[in-house]
Each structure stands twice: as C-alpha cells, then as structure tokens.
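Hi,

Here is the structure I promised to send over. Have a look at it first, and then read my notes below.

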Amino acid sequence: MATHEKVDVAIVGAGASGSVFAAVLAKAGKKVVVLETGPDWQLSDLISSDFWGRRIKTAGAPFLLEGKNPFGYSYQSGWGVGGAALHYFANLPRLLPNDFKIRSEHNRALDWPISYQDVAPYYDKVARDIGVSGNARAEEIWRPAGEPYPMPPMKTFRNGEVWLKGFEALGIRMVPAAVGMNSTDYKGRPACIYDGWCHIGCPTGALSNPLVTYLADARKAGAEVRARSTVTRVLTNRQGTRVRGLEYYDAKKERQVQEASVVVLAAWSAQNPRLLLNSATDRHPRGLANASGLVGKYMMCHYSSGTWALFDEDVQNHLGTTGAQFMSYDRYGKTAHPGVFGSSFIVAGSALKTSDLGGFANARLDLFGAELHAFMKRAARGLTRIGAFGEELPNLDNRLELAADKDEFGMPLGRLHHSFDQDAVGLWNANFEEGLRIAKATGAREAWSARGNMPTIHLMGGTIMGTDAGNSVVNSYGQSHELPNLYLAGPGIFPTAGASNPTYTIFALSLRGAEQLAAKWRAVDL
Ligand SMILES: Cc1cc2nc3c(=O)[nH]c(=O)nc-3n(C[C@H](O)[C@H](O)[C@H](O)COP(=O)(O)OP(=O)(O)OC[C@H]3O[C@@H](n4cnc5c(N)ncnc54)[C@H](O)[C@@H]3O)c2cc1C
Ligand code: SF4
C-alpha cells in the first residue's frame, strides 16, 4: 500500500459534476486529484458505430435491483473519464421555479433550501462555459428572464417539424430545445454536422462532454486525473470530525491512500451513498454524513411516455442529433394533468439509428419475419417519435442499501429498491394518451404508444440537500452538514426531481458549490 502526498482536493469521479469541481478549484490554485474508476477516454475512442459504442458504456461492480420497477441503471450510468456525460444526449433544459417549493405550494414532496433565483445565474454561466444552443427569449414564456444563450438554436429537420401541427392542434407551444451542442463553432470546437451519433459520444467535440469543457480546463490548470482508480472508502480523522482522504485500488488492484484537505464525492447518485455507507466507523456507525439516516434514501427518477408516428413522406430520421429539436414546458405545472400530480416535460425531434435504444428496430417489438421486414422498410424513411418525461416524487422506500455480496475489492455491492407510486403511473398514462392525440392531429398514417416496462431514467437523490442535518445530508452547496470538508456533487443532492433532464442543473449546482468552496477555503481547510 502507498500513501500519496496530501493534496488540497481529492475528487471521486471524472464525470459531469466532478469535472466542474476540478476546473473551479484547480483554477483557484488548489492542487487537485481526480480519481476515476474507468479508462482515460479520449475523443479518438469515440467511434460512430453502435457496436463500437458499447465499449464506453457502464462497467464495474453491478447494483442489485429490487422493487416493482427496478432501476435500469446500466443505460444511464457512466464509466471512465467523462462519466455518463461522455455519451449523454446533451438536452439541457433547466428546472423551473415551481420545482423548488413543492412542499410549500402543494403540501407534497419536499422544498429545496434554495430557489430558482439562486441557481439561475449559474445556468447562464454554464451556458457560456460549455456552449449551449437555444432561444432563451422563447423559453422565457415559462421562466424568469436570464441571459441569451451563446449560440442560436440548432437546425431542425422534418422528423421534428412534422410534429408541430399536432402540438399546435392541442395548444401546446413548442420552442427550440436548449442543448449542449454547437450550432456554430464555439471556443475552438467545431459546429455540429447533424449525423446523430451523440449517444455513443461525439468524436468531433461539437457536443459539450466534460473532456472538451470543464475537464479540459481543469487539466490545463494543473489538475491530475488518475484513471483506473476505484475508490472504496472515505477516511476520517480519529475524532470523526473531518475527512482526511480516500482509500482506493489502482489499475494493478493494489490498495492506495490519497490524503486530502477536502474530499468531493462526484461518483453519481448510486455510487456516492454506497461509498458513504461503506465508510462507517465507530464514530459514524451508520455511515458518514448520515446522522439524518437519509444517506441512500429518496432515490428518484424520470420516466418517459414515447409516441411513435409513421409518415408516408421521408422525414429524414437519420438526420439531426440525439438531443431534441423542440421542447415544451406547457405541461410542467404540478397539476397540469387532472387527477395526477407532477410535472411533465415534452420533447420532439431526434435522429434515429437502426438499433440504438430509441432506434426503429425497437419500435414494434410485436413484429417478426416478413412483417418486421416490411415495417423496417417503411420505418427507415417515415418513422419519428416524441416523448414526455414525467416527475417522480421523493419516497423514503426508494433507497440504496449495502448488500452482503461484495465486489472484487471487498466492497459491499449496492442494492437499489425502487417502485413507482400511483401518481407516477397515472402521469405516465396521461402523457401516453396526450401523445396519441398529438400524433393523430399531425395526419400521420399510423401512430402508437411506445409502451413497455415503465422506464427509469436519470437517477437522482440519495444524498439530498436541505436546511440541516435532521432533514438532509448536505446543504445547498453540497457540503456535508456533519463533516465540513466533505462535499457531495451531482443529481444525488436534488431533493425533488422535476421533469426536465438533470445535467444542466448538475453543472449549475456544482459550479455554485465549487465557487463557494473556493471562496471560503480557509474556513473549510482548517
Ligand atoms: C445515454 C445517456 C443519455 C443522457 N442524456 C442526457 C440528456 O440529454 N440530458 C441530461 O441532462 N442528462 C442526460 N444523461 C444523464 C447525464 O449523463 C447524467 O445526469 C450526468 O452525467 C450525471 O453526472 P454525475 O457527475 O453525477 O455522474 P457521471 O457523469 O456518470 O460521473 C460519475 C463518474 O464517477 C465514476 N465513479 C463511479 N464510482 C467510482 C468509484 N468508486 N471510484 C472512482 N470513480 C467512480 C464513474 O466511472 C463516472 O465516470 C444521459 C445519460 C446517458 C447515459
Ligand atoms: S450530431 Fe453533432 S453533436 Fe451529435 S455526434 Fe454528430 S457532430 Fe456530434
């Protein structure tokens, strides 16, 4: 075992949230080490093929899945430098003001300890940092005004445009989607070429993955990224009052210790609580930062109601990006659909490949042989899809625990329990019904719901923020209530999920937390 020279900041995970902390703190002159369990991916590893693309998907110790609606984590998590954000779709909508005060306004779920106005300046700053394309003015029919996006909206294609007639018929306003992709050259990165391979990583750098944004800044400022380093425990001092570093296993599976003044856990919603629970000591018998008993609790996700439509015309469904072309918050009110509770966020228009998750080979699972062949021939030109994401409310029973089974380093596996409640199922169904009404109003030849098992998308919660150690794990900056030099980053700190994709908010909250840490460094690094 080796003990590495003490650094200012040790970060676990080189994905979306860890990269932001690394960039801000390295630029503030701190010595930063990022420990990342997976490989050190480069843009040249991103090959535009669904078969090659499998290499960059999640790996490592599995989670044990339980409950009525087990989390489909393998599709959503990341592995290696860049994390899941290496191959995300870069839809970057934000939360809205109504997400932050659900308890106060509806006596349901939880309030955030901050409001939309606290996060808004960071949305604007992230947009400038990473490059966001969109039309902020158009979005401002639903939210307070902010800065314009640094790039105009992306191009649209027939596969998105054919839906507009249907949305208009139902009075649903669609605006250009906000995406982390380049509609023009931006900061030395090229404009998008609309070939639709984003889901397995954009090899040109047109998509704002961490490699070409925050992590590049961090490395330039001197941060070290140590790939193939799997963290297993957060180490504390003898009194249990502060963290002192991390235990990890290197590429040769040898145990190492990295000492640090501050530790940031940015290993995603499921891994962060697993690490905290596995770091229990005599002083913290239930796991670190867990006086509230809430570590691993209130795990949440989104679910999507997709609607397929088959047109006679060629909708050029191979063109575009994997992100959306249009979006709408017109069903974002918590009671927008009668009889059920929660927000819905609508998207339309994206490139389809043959066999990727949203690809047309998966559009009619009931067809085989000659019938499937005939369908695929028509679908290759005429098929397109819309989707509505739904909000799941926080529920104590949806949780991560440690299992008795262990991984190759002797660390207990995480067990994820998850079941949807009646509100979620009701909202899922309401969005399917509305999707079909929209599709029928487009004049499509055929339309059907993309039903299957209820999907679990974008895992959030598990280390939620709140006002104190009685009701939460961290404060609004991600700082542990109990261990002042321990920070948590990522969607795990959301106390509610909203319905919009989470990563814009992950970037914004990480930027807010990292800037606060840099500003009050002396108070934290005692
Ligand atoms: C296909 C796909 C499409 C998506 N599309 C969108 C989208 O359009 N919009 C959106 O908002 N979001 C999208 N997401 C989700 C988005 O990628 C995540 O919300 C975001 O990356 C989460 O950030 P994070 O920092 O918490 O985790 P990650 O970015 O996943 O980073 C966590 C990192 O920690 C590492 N790690 C884990 N455990 C350890 C350990 N023990 N030791 C060391 N390192 C460890 C992992 O290898 C990983 O690199 C998508 C995700 C996928 C997979
Ligand atoms: S569509 Fe654009 S963002 Fe997506 S992979 Fe191609 S160039 Fe990159």
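**What I found**

Among contacts in the protein chain between residues at least 6 apart in sequence, 73% join residues at least 24 apart. Bear in mind as you read that this is a predicted model.

For the overall picture, the protein chain holds 13 helices and 17 strands. Its radius of gyration is 22 Å, close to the 24 Å that the globule rule gives for 526 residues, so the chain is as compact as a globular protein of that length. If you want dimensions, the C-alpha trace spans about 70 × 50 × 45 Å along its principal axes. Of the 526 residues, 60% count as buried. The accessible surface comes to about 19,500 Å², and carbon and sulfur atoms account for 50% of that.

Helix α4 covers residues 116-131. Its 16 residues should span 22 Å at 1.5 Å a residue, and the end C-alpha atoms are 21 Å apart, which agrees. Which residues of α4 are buried? The list is Tyr 116, Val 119, Ala 120, Tyr 122, Tyr 123, Asp 124, Val 126, Ala 127, Ile 130 and Gly 131. In general, an α-helix has 3.6 residues a turn, so residues three or four places apart point the same way. That is handy when you look at the spacing in that list.

What do the buried residues of α4 pack against? They pack against α8 (214-220) and α12 (503-519). Of the 17 residues in α12, 14 are buried, so this helix is largely enclosed by the rest of the structure. From its first C-alpha to its last, α12 reaches 24 Å, close to the 24 Å expected at 1.5 Å a residue.

Then there is an open sheet of 3 strands, with the order β3-β14-β13 and mixed pairing. β3 (64-66) and β13 (399-406) are at the edges with a single partner strand each, so one side of each has no neighbour in the sheet. From one strand to the next, the twist averages 30°. β3 pairs with β14 (residues 412-417) in the parallel sense, over 3 bridges. Helix α9 (residues 271-278) lies across β13 and β14 and runs at about 60° to β13.

Cheers

Technical notes
Residues numbered from 1 in each chain as written. Chains lettered and ligands numbered in written order. Predicted model: local features only at pLDDT ≥ 70, side-chain atom pairs only at ≥ 80, totals over all residues. Heavy atoms only, no water. Helix = DSSP H or I, 4+ residues; strand = E, 2+ residues; numbered from the N terminus. Expected span 1.5 Å × (residues − 1). Buried < 20%, exposed > 50% of the residue type's maximum accessible area, 1.4 Å probe, protein only. Contact = heavy atoms within 4.5 Å. Pairing = 2+ DSSP bridges. Axes fitted to C-alpha atoms, helices over the stretch in contact; angles between N-to-C directions. Rg over C-alpha atoms; globule rule 2.2 N^0.38 Å. Areas by Shrake-Rupley, 256 points an atom, 1.4 Å probe, with all protein chains shown as cover.
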